[in-house]
Amino acid sequence: NETKMDFPDPETGDPVTKEVDMEYTDLAFGVGIGGKFVAKQGFLIDGSFGIGRNFFDKYSPDIVILPSIYLGYRF
């Protein structure tokens with residue numbers, strides 16, 4: 001997550017705006033939906049989609065989206 005921050009210039013002391021990568025840890029609550037489809041031969045596709053809202057860190061994005069697709073074989 002990139003955030004614009006002001007830093008003092010080492011030579012003049014004037015503020016200089018730079019983009020900085022911010023690391024964060026946050027907790028999100030949301031909803032999700034998905035399904036699993038299994039063929040008679042044992043192959044499966046599992047797909048889901050979730051959306052949530054982060055709560056605590058001011059540098060984290062407000063909304064998080066989690067789409068997923070899994071392919072596999074069922075024994």
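User: What should I know about the model and its numbering before I start?

Analyst: Residues are numbered from 1 along each chain as its sequence is written, and the model is predicted, with local features needing pLDDT of at least 70, side-chain atom pairs counting only at pLDDT 80 or more, and totals for chains, interfaces and linings using all residues. Side-chain values use heavy atoms, leaving out hydrogens and water.

User: How do I read the sheet, and in which order do its strands stand?

Analyst: Strands of a sheet pair through backbone hydrogen bonds, either parallel or antiparallel. Strands here are DSSP runs (E, at least two residues), numbered from the N terminus. Two of them pair if DSSP finds at least two bridges between them. In this model three strands form an open sheet, ordered β3-β4-β5, with antiparallel pairing. β3 (28–38) and β5 (63–73) are the edges; each has a single partner strand, so one side of each is left without a neighbour in the sheet. Neighbouring strands are turned by 10° against each other on average, direction ignored. That angle is taken between axes, which are lines fitted to C-alpha atoms, with angles running from 0 to 180 degrees between N-to-C directions.

User: How many bridges join β3 to β4, and how many join β4 to β5?

Analyst: Eleven bridges join β3 to β4. Strand β4 (residues 43–54) and β5 also pair over eleven bridges. On the β5 side, L44 stands opposite G72, and F43 has Y73 as its bridge partner. The hairpin of β3 and β4 has four residues between the strands, and G42 there takes a positive phi near 105°.

User: Is β5 buried or in the open?

Analyst: Buried means under 20% relative accessible area, exposed means over 50%, and partly exposed lies in between (1.4 Å probe, protein chains only). Of the eleven residues of β5, one is buried, so the strand lies largely in the open. L71 is in β5 and counts as exposed at 69% relative accessibility. L71 and F43 are 28 residues apart in sequence, yet 7.6 Å apart in space, C-alpha to C-alpha.

User: How do I read aromatic pairs, and what is their count here?

Analyst: A pair of aromatic rings is described by the distance of the centres and the angle of the planes. Rings of Phe, Tyr and Trp (its six-membered ring) pair if their centres lie within 6.5 Å; planes under 30 degrees apart count as stacked, over 60 as edge-to-face and the rest as tilted. The count comes to four aromatic pairs. One of them joins F43 and Y73, edge-to-face, at 5.3 Å centre to centre with 70° between the planes. This pair links distant parts of the chain: F43 lies in β4 and Y73 in β5, 30 residues apart. F43 is exposed at 53% relative accessible area, while Y73 is partly exposed at 44%. Y73 also pairs with F75, edge-to-face, at 5.4 Å and 80° between the planes. F75 is exposed, with 92% relative accessible area. Elsewhere, ring pairs link F29, F55 and F56 into a cluster.

User: Which residues form the nonpolar patch on the surface?

Analyst: Patches take residues with over 30% relative accessible area and no salt bridge; nonpolar side chains (Val, Leu, Ile, Met, Phe, Trp, Tyr) are joined within 5 Å, like charges within 9 Å. A salt bridge is a side-chain nitrogen of Lys or Arg within 4 Å of a carboxyl oxygen of Asp or Glu. Accessible areas come from the Shrake-Rupley method with a 1.4 Å probe. Here V31, I33, F49, I51, I63 and I65 form the patch, with about 610 Å² of accessible area together. β3, β4 and β5 each supply at least two of its residues.

User: Where do V31 and I51 lie?

Analyst: V31 is in strand β3 and counts as exposed at 62% relative accessibility. I51 lies in β4 and is partly exposed at 39%. I51 and A28 are 23 residues apart in sequence and 9.1 Å apart in space, C-alpha to C-alpha.
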